[in-house]
Amino acid sequence: MRQIFDALTRLVGAGDVVVLSGAGLSTESGIPDYRGPSGAARRHTPMTYQAFTRDPDARRRYWARSHLGWRLIARAAPNAGHRAVARLQHAGLVSGIITQNVDGLHTAAGSTGVIELHGRLDEVVCLDCGNLTSREELDRRLREANPGFAARVAQVNPDGDVDLPDEGVAGFRTVDCGICGTGMLKPDVVFFGETVPAPRVADCFALVEAARAVLVLGSSLTVMSGRRFVIRAAKLGIPVAIVNQGPTRGDGHATVAVDGPLGEVLSAVADRVAGPAAAVGSDVVAGEPAAV
């Protein structure tokens with residue numbers, strides 16, 4: 001497997017790399033993915049835009065569960081994979097970052113100019129007046145509207161939702177927009193069944209088309225929302241590298257594919273091409289991850 005790792009480091013070390021990250025990059029921060037080893041998709045059906053906007057009961061269930069899930073997401077910290085990407089960007093090797101994640105951990109790790117394809121969970125938008133507020137402010141208002149609300153959370157999902165039985169959300173009160181007073185509030189993320197804003201998609205395509213290589217991190221590429229960028233790169237003859245645990249739907253387009261723990265692999269790549277990190281205590285020996 002050394003040859004595969006060497007090929008990955010050569011591709012990244014040449015620079016002008018655009019990163020496309022998915023939920024698998026955040027699993028080491030305690031946030032499970034949908035289809036990888038922690039596989040939330042088998043147990044959890046994500047909220048759709050249509051159900052959220054049309055069904056008051058579905059909306060109430062979502063906010064009750066998300067209210068609890070947000071507490072776990074808000075405590076999540078960047079892991080070694082996020083930090084490695086930031087190191088590569090600061091070394092001038094990563095020219096752009098596109099993430100399908102809504103947890104904000106790339107930015108928290110020190111990366112800049114991140115295009116958050118599906119939005120951010122820490123912002124809330126009013127669907128009537130368009131006002132944006134912080135999730136912290138909404139959390140405060142929901143706590144005031146639901147004193148004593150608590151339920152045991154067994155698992156948080158990548159979209160910040162948690163699994164709760166219907167009786168666990170009985171009596172939960174939602175709140176409307178604090179600016180216009182009546183508007184429906186929604187996390188500023190792209191739900192299933194909702195369209196990513198066209199200008200954001202255009203910006204992502206522009207990054208990919210100008211790149212020397214695309215590096216996919218922690219995404220099964222099952223959903224076309226992310227896979228389309230890999231397809232575009234392949235059509236343009238731009239090399240694609242994939243680091244993921246398990247197969248992806250983009251493997252047929254990959255110049256190099258590494259199946260291994262992302263924090264370990266990416267830290268080793270960053271050590272090799274950007275210099276060792278300031279932190280000590282890594283399990284990586286001689287610049288190569290043990291799992292590769």
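This is a predicted model: local features need pLDDT of at least 70, side-chain atom pairs count only at pLDDT 80 or more; totals for chains, interfaces and linings use all residues.
Where is the place of N101 in this chain?

Let me begin with the overall composition. The protein chain has 292 residues, and buried residues make up 50% of them. Its secondary structure comes to 9 helices and 9 strands. Among the contacts with a separation of 6 or more, 72% are between residues 24 or more positions apart.

I turn now to the strands. Six of them form an open sheet, in the order β3-β2-β1-β7-β8-β9, and the pairing is parallel. At its edges stand β3, residues 115-116, and β9, residues 256-259, each of which pairs on one side only. Helix α8, residues 224-235, touches β1, β7 and β8, and its direction makes about 150 degrees with that of β1. Helix α9, residues 262-274, touches β7, β8 and β9, and its direction makes about 135 degrees with that of β8.

How many of the residues of strand β1 are buried? The count is 5 of the 5, over residues 17-21, so the strand is largely enclosed by the rest of the structure. In a regular strand, side chains alternate between the two faces of the sheet. Here both faces are covered: V17, V19 and S21 are buried on one side, and V18 and L20 are buried on the other.

The neighbours of β1 can be described in turn. With strand β2, residues 94-99, β1 pairs in the parallel sense over 5 bridges, and the partner of S21 in β2 is T99. With strand β7, residues 213-217, β1 again pairs in the parallel sense over 5 bridges, and there L20 has V216 as its bridge partner. Further out, β2 and β3 are joined in the parallel sense by 2 bridges. T99 takes part in this pairing too, with E116 as its partner in β3.

N101 lies in the loop between β2 and α5, the latter being residues 105-108. Buried or exposed, how does N101 count? The threshold for buried is under 20% relative accessible area. N101 has 8% relative accessibility and therefore counts as buried. A polar atom of its side chain lies 2.9 Å from the backbone oxygen of G22. Setting aside residues up to four places away in sequence, N101 touches S21, G22, A23, L25, S26 and G119. S21, as we saw, belongs to the buried residues of β1.

The loop between β2 and α5 also holds G104. This glycine is buried, with a relative accessible area of 8%. Apart from neighbours within four places in sequence, its contacts are with E116 and R120. R120 is 16 residues away along the chain, and the C-alpha atoms of G104 and R120 are separated by 6.4 Å.

There is a second open sheet, built from 3 strands in the order β5-β4-β6, with antiparallel pairing. The edge strands are β5, residues 132-134, and β6; each has a single partner strand, so one side of each is left without a neighbour in the sheet. From one strand to the next, the twist averages 45 degrees. Between β4 and β5, which run antiparallel, there are 3 bridges, and E123 has S134 as its bridge partner in β5.

My last topic is helix α3. At 1.5 Å a residue, the 20 residues of this helix, 56-75, should span 28 Å; the end C-alpha atoms are 29 Å apart, which agrees. The helix bends by about 30 degrees at G69.

Against which elements do the buried residues of α3 pack? They pack against α2 (49-54), β4 (119-126), α6 (135-145) and β6 (185-189). The buried residues include R59, Y62, W63, H67 and W70, and G69 is also one of them.

Thank you for your attention.

How values were computed:
Residues are numbered from 1 along each chain as its sequence is written. Side-chain values use heavy atoms; hydrogens and water are left out. Helices (H or I, at least four residues) and strands (E, at least two) are DSSP runs, numbered from the N terminus. The expected span of a helix is 1.5 Å times one less than its number of residues. The bend at a residue is the angle between axes fitted to the seven residues ending there and the seven starting there. Buried means under 20% relative accessible area, exposed over 50%, partly exposed in between (1.4 Å probe, protein chains only). Contact means heavy atoms within 4.5 Å. Two strands pair if DSSP finds at least two bridges between them. Axes are lines fitted to C-alpha atoms, for helices over the stretch in contact, and angles run from 0 to 180 degrees between N-to-C directions. A polar contact is a pair of N or O atoms within 3.5 Å; within protein, one must be able to donate a hydrogen and the other to accept it, and residues adjacent in sequence count only if both atoms are side-chain atoms.
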